[in-house]
Amino acid sequence: MVMFNVSRVQTAPIDGQKPGTSGLRKKVKVFTQPHYLHNFVQSTFNALSADKVRGATLVVSGDGRYYSKDAIQIIIKMAAANGVRRVWVGQNGLLSTPAVSAVIRERVGHDGSKATGAFILTASHNPGGPNEDFGIKYNMENGGPAPEGITDKIYENTKTIKEYLIAEGLPDVDISTVGVTSFGGPEGQFDVDVFDSASDYVKLMKSIFDFQSIQKLLSSPKFSFCYDALHGVAGAYAKRIFVEELGAKESSLLNCVPKEDFGGGHPDPNLTYAKELVQRMGLGKSTEQDPPEFGAAADGDADRNMVLGKRFFVTPSDSVAIIAANAVQAIPYFSSGLKGVARSMPTSAALDVVAKNLNLKFFEVPTGWKFFGNLMDAGLCSVCGEESFGTGSDHIREKDGIWAVLAWLSILAYKNKENLGGDKLVTVEDIVRQHWATYGRHYYTRYDYENVDAGAAKELMAHLVKLQSSLGEVNKMIKGIRSDVSNVANADEFEYKDPVDGSISKHQGIRYLFEDGSRLVFRLSGTGSEGATIRLYIEQYEKDPSKIGRDSQEALAPLVEVALKLSKMQEFTGRSAPTVIT
């Protein structure tokens, strides 16, 4: 057995190591500076209680982006030096973010051990490569991201760190081969357990969904399917689940080989970046002859998803509402009922209408998956989602892109179970249009104004808050802009009191709520060195069945005009158009 000693290496604080809810994300060139990663990892160990480090089991893996393999070896050596008993690594260092959550919650080691936390190496949907992004975040024993109490402590530690511990004489571990490697250190044995990346996650998915009924759907000659992993870590699961377990053709998988640079692309599953899938599904500029019935994409770490039908885009806000409306009938895991549902505040109110109709507990939370995690740990929420392509349930404590795809396939299988031999299948578009006919349609768009002067962005937000003090005046202004827009019934700055731990989150966005159920929401995102991003969410609720088939931009045009004039967007920012529209 190879023996190692512990070295104490002198270091000094490095500025800017404040983790957000998604951890610390920087350019690779920043992470590869001397001591940069080491300082952050040691600061994390120092922020955790001793029982979560000494003698503990930790997971260390990620989405396979550039610099991951080097980072895994560094973290293994530092874990050994800090008294960790064993480190679990997904084969080739690959584990999707949802799979890490599942492994923490479900996996039992060959010696009966259970993990108490994880270092996840990902920058999610950001590009990868030597000149692109890297990230690291810590997840807790419930499988969810570290709460603010821990991330604040980590940040404080990064500002005072003087030394870090690392195992001297510990060789790099071969993470390409499954098996346990044991070493001896000052405190006894230290193991590195390299395990199959997909097994635990696949087992969990099979316990949630009826794979047999999905298999029947996929084997129907009338049903065709396409899945694009955008060269992210979802590729490590796609073949196992969709081809080997469910019988899809291998040709239905696009970009499913994980690559350190995501094939030079931007691994963000939306209509802009998932170009090949969008083209194949008949939504591109040139017309595809016969697109598949169903298409989906994942981001770099496989926690986000985009769902498409033939020539049809499903908005993330509609997606979570449709999953919630059909979950009990279509997904065995939910057969005894939903505990409740939740969405992030900027997400459309489509889920609210479902919750009201089905008499479900409903929660509106700030942006950030940890708020859902609290509700789930307390048994208050089964299904949740956010407009930024994140959907999930209480099976883990992260959003889960492949879970969302299997949920949609389950709904399609359920709707078609008597119909597989018939002339025409119920399609994705049919399901969405039927949902609108039942619950009404929430026309929805998001305008992003990126790199706006931070001072101007703050002035715009202050102007919107000030307007809220007199709704009578606001409604007069609105009628002057567009007489066909409903009156504002309520306006506020969103504040959330967590029903579980009582914590209060203030200044979470400015809301204008209209009498007809429509909404305008303004949020400031990331006031960094590059200026600020203003996000404007515009939502028009339509209950009239004769008006639910309109073009989205056309239906939203009156509200868009009101939003831009009421906020004085162009006056404050100098921008005549947003950077991105989704």
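Tutor: Helices (H or I, at least four residues) and strands (E, at least two) are DSSP runs, numbered from the N terminus. The model is predicted: local features need pLDDT of at least 70, side-chain atom pairs count only at pLDDT 80 or more, and totals for chains, interfaces and linings use all residues. Residues are numbered from 1 along each chain as its sequence is written, and side-chain values use heavy atoms, without hydrogens and water. The protein chain has 18 helices and 27 strands.

Student: What makes the protein chain as compact as a globular protein of its length?

Tutor: The radius of gyration, taken over C-alpha atoms, is set against the globule rule, 2.2 Å times the number of residues to the power 0.38. For 582 residues the rule gives 25 Å and the protein chain has 24 Å, a close value, so the chain is as compact as a globular protein of that length. Its C-alpha trace spans about 80 × 60 × 45 Å along the principal axes.

Student: Why is Val194 called buried?

Tutor: Buried means under 20% relative accessible area, exposed over 50%, and partly exposed in between (1.4 Å probe, protein chains only). Val194 has 1% relative accessibility, so it counts as buried. This residue lies in strand β10 (residues 188-195). In the protein chain, buried residues make up 59% of the 582 residues.

Student: How do you know that strand β24 is largely enclosed by the rest of the structure?

Tutor: Five of the five residues of β24 (residues 510-514) are buried, therefore the strand is largely enclosed. Both faces are covered, with Ile510, Tyr512 and Phe514 buried on one side and Arg511 and Leu513 on the other. Strand β21 (residues 488-493) runs antiparallel to β24 and is joined to it by five bridges; pairing requires at least two bridges found by DSSP. Glu493 stands opposite Ile510 in β24.

Student: What is the phi of Lys568?

Tutor: Phi of Lys568 is near 55°, a positive value in a residue other than glycine. Most residues other than glycine have a negative phi. Asn255, not a glycine, likewise has a positive phi, about 50°, and lies in the loop between β12 (253-254) and α9 (275-280).
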